[in-house]
Amino acid sequence: MKKITITLLLLLFVSSLSAQVGQARVLEVKDGHMDKFMSGVAKKTQMYNNSEDSDKFYTFQILTGPNATDFIRVRWMESINELDNPIDADELAYWNKNARPHYTEGAARIWSRNANLSHVPEDSGNTNLRRVIYYNYKDSGEQDFWRFRGRVKRAMTESGYSSRMSVLVCNSGCIGNVVQVRFHHDGFVGQASDYGDPLQNMIAKYNELFGDDSYEQDSGKVDASLEDNGRSIRHHEIIPELSSSW
């Protein structure tokens, strides 16, 4: 019965996703085209994506890794059903004229945000830096991976962790069981601060809730649950002028 209960809770965590969906594309800016690219994207976003009922787009610059200095452009939707809605013809024409000539298309993926496992404090506000950990776990490691994520969420909530953490599951465009965990920081100074006392307090709460040394033990199980090279870290920075209003 205990095993069945754990499995049911796991399925709840994994499948009870928020309706929010992100359609993300990597845009690789051509040499010498950065200024024109940024100008074209900024004007298009201001003209077509800043009203309450318009499509929402957010643009992140990739700071580290193979695509450093390139961008991720995310169309953010309340439901995957919105993928069937065509982009306005005038909006698309403007993009094709003013932005598309300045980049080549990279990887495209669809992500769903898991609201049950994301941590959003009331006073977290808007921050510019994202430390993103990408995981690719084995089928056999599903239970250990998601148990840890559920426990981290609870420990963050009960310890009063003040920064935001978002958990996104790859629905399409990935190989394997790919998840990204996005930690929101107010710049690198904010990251250093968040990983001081707030992180240590969260770990202490985790061990208080789930047993002595449980954080280290569960982290080890997550490590064992991953595919080879199943963890990578990137930093992204949101570019407000290239994004819909927050």
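1. A nonpolar core is a set of buried Ala, Val, Leu, Ile, Met, Phe, Trp, Tyr and Cys residues joined through side-chain atoms within 4.5 Å. Buried here means under 20% relative accessible area, exposed means over 50%, and partly exposed is in between (1.4 Å probe, protein chains only). With that in hand, the largest nonpolar core of this structure has 22 residues, and Phe145 and Trp146 have the most contacts inside it.

2. A word on the model before going on. This is a predicted model, in which local features need pLDDT of at least 70 and side-chain atom pairs count only at pLDDT 80 or more, while totals for chains, interfaces and linings use all residues. Residues are numbered from 1 along each chain as its sequence is written, and side-chain values use heavy atoms, with hydrogens and water left out.

3. Back to the core and the elements that build it. Helices (H or I, at least four residues) and strands (E, at least two) are DSSP runs, numbered from the N terminus. Two or more residues of the largest core come from each of β5 (129-137), α4 (142-159), β6 (165-172), β7 (177-185) and α6 (197-210). Helix α4 gives the largest share, six residues. Another core, of 14 residues, lies apart from this one and includes Ala24, Phe60, Ile72 and Cys170. As background, nonpolar side chains tend to be buried together in soluble globular proteins.

4. Now follow the strands around. Eight of them form a closed barrel in the order β1-β3-β2-β8-β5-β7-β6-β4, with antiparallel pairing. Two strands count as paired if DSSP finds at least two bridges between them. On average, neighbouring strands of this sheet are turned by 35° against each other, direction ignored. In general, strands of a sheet pair through backbone hydrogen bonds, either parallel or antiparallel.

5. Nine of its nine residues are buried, so β5 is largely enclosed by the rest of the structure. Both faces are covered: Leu129, Arg131, Ile133, Tyr135 and Tyr137 are buried on one side, and Arg130, Val132, Tyr134 and Asn136 on the other.

6. What does β5 pair with? It pairs with β7 in the antiparallel sense over nine bridges, and Arg130 has His184 in β7 as its bridge partner. Eight bridges join β5 to β8, again antiparallel, and there Ile133 is partnered by Ile233.

7. Helix α5 lies across β5, β7 and β8 (226-238), and runs at about 100° to β7. Axes are lines fitted to C-alpha atoms, for helices over the stretch in contact, and angles run from 0 to 180 degrees between N-to-C directions. Contact means heavy atoms within 4.5 Å.

8. Charged pairs come next. The structure holds eight salt bridges, each being a side-chain nitrogen of Lys or Arg within 4 Å of a carboxyl oxygen of Asp or Glu. One of them joins the side chains of Glu91 and Lys44 (2.7 Å, N to O). Glu91 lies in helix α3 (residues 89-98) and Lys44 in helix α2 (residues 34-48), so the pair ties together parts that are 47 residues apart in sequence. Are these two residues buried or exposed? Glu91 is buried, at 5% relative accessible area, and Lys44 is buried as well, at 4%.

9. Compare two further salt bridges. In the pair Asp144 and Arg147, the closest N and O atoms are 2.8 Å apart. These residues are three apart in helix α4, so about one helical turn separates them. Asp144 is partly exposed at 26%, and Arg147 is partly exposed at 23%. Arg231 bridges to Asp223 with the closest N and O atoms 2.1 Å apart; Arg231 is partly exposed at 36% and Asp223 at 45%.

10. Finally, look at His102, in the loop between α3 and β4. His102 is buried, with 12% relative accessibility. Which residues does His102 touch? Not counting residues up to four places away in sequence, they are Glu28, Val29, Lys30, His33, Lys36 and Phe37. Val29 is 73 residues from His102 in sequence and 6.0 Å away in space, C-alpha to C-alpha. The side chains of His102 and His33 make a polar contact (2.9 Å). A polar contact is a pair of N or O atoms within 3.5 Å; within protein, one must be able to donate a hydrogen and the other to accept it, and residues adjacent in sequence count only if both atoms are side-chain atoms.
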